[in-house]
Structures are given as C-alpha cells and as structure tokens.
Amino acid sequence: MDEQSRPLDTLNAARNKTVMVDLKNGLRFVGKLKAFDIHINVVLHEAEEHKDGEVKRKLGTVFIRGDTITIISPA
Amino acid sequence: MDEQSRPLDTLNAARNKTVMVDLKNGLRFVGKLKAFDIHINVVLHEAEEHKDGEVKRKLGTVFIRGDTITIISPA
Amino acid sequence: MDEQSRPLDTLNAARNKTVMVDLKNGLRFVGKLKAFDIHINVVLHEAEEHKDGEVKRKLGTVFIRGDTITIISPA
Amino acid sequence: MDEQSRPLDTLNAARNKTVMVDLKNGLRFVGKLKAFDIHINVVLHEAEEHKDGEVKRKLGTVFIRGDTITIISPA
Amino acid sequence: MDEQSRPLDTLNAARNKTVMVDLKNGLRFVGKLKAFDIHINVVLHEAEEHKDGEVKRKLGTVFIRGDTITIISPA
Amino acid sequence: MDEQSRPLDTLNAARNKTVMVDLKNGLRFVGKLKAFDIHINVVLHEAEEHKDGEVKRKLGTVFIRGDTITIISPA
Amino acid sequence: MDEQSRPLDTLNAARNKTVMVDLKNGLRFVGKLKAFDIHINVVLHEAEEHKDGEVKRKLGTVFIRGDTITIISPA
C-alpha cells in the first residue's frame, strides 16, 4: 500500500522531474533532479537560482552539497 | 507496558498521520508523515509551510533533511 | 557504589518521569521522558513548550532531535 | 611519570568532584561530575546553572550533551 | 539513458573544465576543476576569488575544504 | 629528514610544554599541554583563560573539547 | 597526464612550501606546510597570523584544526 516507505524513495520518484531545493542560506534552486546520493548531495539540470522569490541567475548544471539543504520538493 | 521504548517507534506510530515538523531556521511544516529514516530525514505529503503562525505556501510532497529538524510532533 | 556510571544511565533512570529539555535555539520542553537513544533523540509525552519562562503551547507527544539539545534535567 | 596521558583520564580523575562545565551558548554549570562518555556527554549532580557570573538556578541532576560543551575544569 | 546517475559523476565530467564553487561564507571561486573526493574537497587551478560579483584576487592553485562548499556549477 | 610528518606529531612534541589554544568563541587558553587525543580534545595544566589579550582567570586543569578549537601553538 | 588527481595530492605537493590557510572565522595563516592529515588538520612552521590584510602576530609553529579551514593555497 505504501510504495514509498523510505525518504530516498521520494527523491528517486522525482528523478528527471522539476524540484525546488531550499538551502540553509536562504537560496532556492529550481531544476530537474538528475542525481542524488545518501548524503543528499544533489545534481540539478536547467537550474535557476532564486532569492526572495526572484530568479537571480540561470545555471546549466549545479551540484548542491547535501549538508547545505533544508528541503526538496517536487514542483 | 511500554510499547514505544525507542524514539523512532514514536515516528513509526505517526506514519500517515498529520505531524508538525519544526526546523532550525524557524520554519514549520505540517503534513502527513509518509517516510523517515535513522537520520530523521522525513517526507511529508499534503505539506504546508508555516512561518510566524501563518501558512506561507502549500507544497504537495516535501523531503526534509534530518539535520535541519528540531522537533516532530503529531498534531 | 556508583550505580549510574554512564550518562545514559541517568536518562534511563528518568524514564516516565518529568524532565526539562533545553534546546540550542532557546526553547525548553517539559514533559514525561518516554524514550531516548544513543544520539540523544528524545520523546516526551504530555509535553509543554516554554520560552522565556512561559508556557507557549501544549503538545501531546514530541520527538526532539538529539543534536538540537543542550541539557536534560529531571524536574 | 605521566599518569594521565589521555584527556579522558583527566575527566575520570575528576569523578565525584566539583567541576565547572562551560557551554557554547555562554552558560556555565557547576556540580559534581557523576558520569561522562567518549562523546563528552556529562552528568552532574547538585548542579547550578550560572550566567554572567551569577547563579541562575539550582538543578538537582543535569545531563549535558557533549557537543554543546567547550571546556570542563575541576573547581 | 542516464549517464550520470550519481552526483559525483557530474563532478567527474567537469574535470579540467572551469567551474564556479560557492562557499557558505559568501565567497565564490572560479577555476579549473583538477581534483575532488567523496568529502567534496576540491582543488581548482587558475583560480580566482570573487566577492559580491567582483574578482578579489587571483590564486594559482586552491584546495577548498568540502564542508565549506554550498554549490559547484560548471561555467 | 622530516621528523614530524603528521599533525599529531607536532602536538606530541609539545607535551609538557606551554601552548596557546584558541577557541571558536574567541577565548584563548594558555597552559602546559598534558594530554590530547585524535579528536583534538586537549588537557592543559596551570591554565589561564585569556580574552582580548588579558588574563581573565586562572584555572588549574582544563579539559578542552576538540571541536571548539581553531589552533594550538607552542609558546 | 594528471599527476594530482586527488585533493590531498595537492597538499602533498605543497609540503615544505609556503601556503596560505584561511579559516571560517576570517583569520588567515601563512607559513610553511609541514604536515596534514585526512581531516585536513594542518601544521605550519614560521607561521604568521593575518587579519584584514595585516600581520597580527608571528607564531613559530601552529597546528590548525581541519574543520575550521575554508581554503589552502600555495603562495
């Protein structure tokens, strides 16, 4: 009944989909989730950096270190 | 007599129920607890983000990194 | 002579008793200690959240992540 | 010649003696050292909490999480 | 289909290419990625340090400790 | 030729000599290095606490938790 | 072709050479790199402490705890 009983299953289901990643420093990245690991290191493609609700810059690919992340949410 | 002698037993008993998750940065997420692991990484469904007592935004699914969490309380 | 030679023995002796738990962010929780583990993750029942000496809210059950705790003291 | 070549030997020699424990948040606890472990989790008996050089409150027993401690000094 | 399923694969693909490395303290380093490890310790060659969008200084080689990094993005 | 190729060799050579230990919170301790371990937990004898260049207080023995230390330098 | 494929190889190549070590607290140490380990604990000889671009003091030997370091750069 519960097809996603572990947190990483949720990340796995979001692969190649657009996710929002919030960092401890207040930045937000929005892009396609291409990869993650058990440290919650994450790689996004077609990523945009947001601050205070605005797009600050467009980054192609971005590697985000896991320990700087607070939440990850599918768009 | 004590059916929940380990902290994770309490989280397990809260699965599929509404919980409140408070973060170190002052944000609060309220939603249904779908998954957690030993790092206290947590996944909520039908999640709302609260700040200063108000709903800031509705998120469908949210993965919360364990090391950013202070408390988890069943509603 | 020394029946509690390890710190966790003290927590074990406080099980089902009222304890005060202070967090790094200045919050205090008071409740019955129901569970703890080696990471000092803690579960309280009949918990109250205090701030600046006042009860802010009553929570039934609360899971507190160990790394956010500074001290635990039996009432 | 050097009877205490490891740091924990010093803590062991201070068991049942009065020690001062300073925390990262500026608080100080003074009490009898009853227990400690390799994480430097510490238990004091007859503990007093000090702030800015004054006794703020008397606590019977207090468990102090190791990662919040800066120094421990025998009185 | 997905040739880079792990985050470190992305760093590996960026070897000898120009990357931007942002730190928790607000500094940014831009240079050629020469080496990295599982802690995300990184070595850049021909590195420049940026602050507030300006080049502050030119460093030949720089070793950046992983736990101070927030993101790494190929230029 | 290089008799101290590992960092802990330097600490070992400083045993029973006066060292300066600087903490992340801005305090400095000066005393005789009696013990250390791989976590860089340190014990000083005849220790003095300094702040802003002045001796604040004299402590006999002090145990300093490693993760609060920035540098250790022989006097 | 790539003789330094791991970050620690870069530190190894800098042994006995002058390096700049920047800390999270804004201090900088300049000296000869005598030793390092996998935690990036570092020992400098003939070290100088810099702050805001000025030499604050000269230290003979200094042990720098790895987790306080942001970058290391050969002079």
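Predicted model: local features only at pLDDT ≥ 70, side-chain atom pairs only at ≥ 80, totals over all residues.
The interface of chain B and chain A is taken up at the outset. On the side of chain B, 21 residues are in contact with 22 residues of chain A. About 1600 Å² is buried between chain B and chain A, and carbon and sulfur atoms account for 54% of this area. Within the area that chain B buries against chain A, 41% is supplied by Arg57(B), Phe63(B) and Arg65(B), more than by any other three residues.

Two salt bridges are found between chain B and chain A. In a salt bridge between Arg57(B) and Asp22(A), the closest N and O atoms lie 3.0 Å apart. Eight residue pairs are in polar contact between chain B and chain A, counting pairs with both residues at pLDDT 80 or more.

The side of chain B that touches chain A draws at least two residues from each of the strands β2 (28-36), β3 (42-51) and β4 (54-64) of chain B. Its largest share, six residues, comes from β4(B). Sorted by class, this side of chain B has ten nonpolar, five polar and six charged residues.

Strand pairing extends across the boundary of chain B and chain A. Strand β5 of chain A, residues 69-74, is joined to β4(B) by two bridges, and the two strands run antiparallel. Phe63(B), in β4(B), is the bridge partner of Ile72(A).

The interface of chain A and chain E is described next. Here 21 residues of chain A are in contact with 22 residues of chain E. The area buried between chain A and chain E is about 1600 Å², with 54% of it on carbon and sulfur atoms. Between chain A and chain E, eight residue pairs are in polar contact, both residues being at pLDDT 80 or more.

On the side of chain A that touches chain E, β2 (28-36), β3 (42-51) and β4 (54-64) of chain A each contribute at least two residues. β4(A) provides the largest share of that side, six residues. That side of chain A comprises ten nonpolar, five polar and six charged residues. Over two bridges, β4(A) pairs in the antiparallel sense with strand β6 of chain E, residues 69-74. Opposite Phe63(A) stands Ile72(E), in β6(E).

The copies were also superposed. Chain B is laid on chain A by a rotation of 51° with 0.0 Å of shift along its axis, at an RMSD of 0.0 Å. For chain A on chain E, the turn is 51° and the shift along the axis 0.0 Å, with an RMSD of 0.0 Å. Only 5% of the interface residues of chain B are also interface residues in chain A, so these copies meet through different surfaces. Chain A and chain E likewise meet through different surfaces, because only 5% of the interface residues of chain A are also interface residues in chain E.

Some chains are not in contact. Chain D and chain E do not touch, and their nearest C-alpha atoms are 18 Å apart. Chain C and chain F do not touch either, with nearest C-alpha atoms 14 Å apart.

Technical notes
Residues numbered from 1 in each chain as written. Chains lettered and ligands numbered in written order. Heavy atoms only, no water. Contact = heavy atoms within 4.5 Å. Buried area = accessible area lost by both parts, 1.4 Å probe. Salt bridge = Lys/Arg side-chain N within 4 Å of Asp/Glu carboxyl O. Polar contact = N/O pair within 3.5 Å; in protein donor to acceptor, adjacent residues only side chain to side chain. Helix = DSSP H or I, 4+ residues; strand = E, 2+ residues; numbered from the N terminus. Nonpolar A, V, L, I, M, F, W, Y, C, P; charged D, E, K, R; others polar. Pairing = 2+ DSSP bridges. Least-squares fit on C-alpha atoms with pLDDT ≥ 70 in both.
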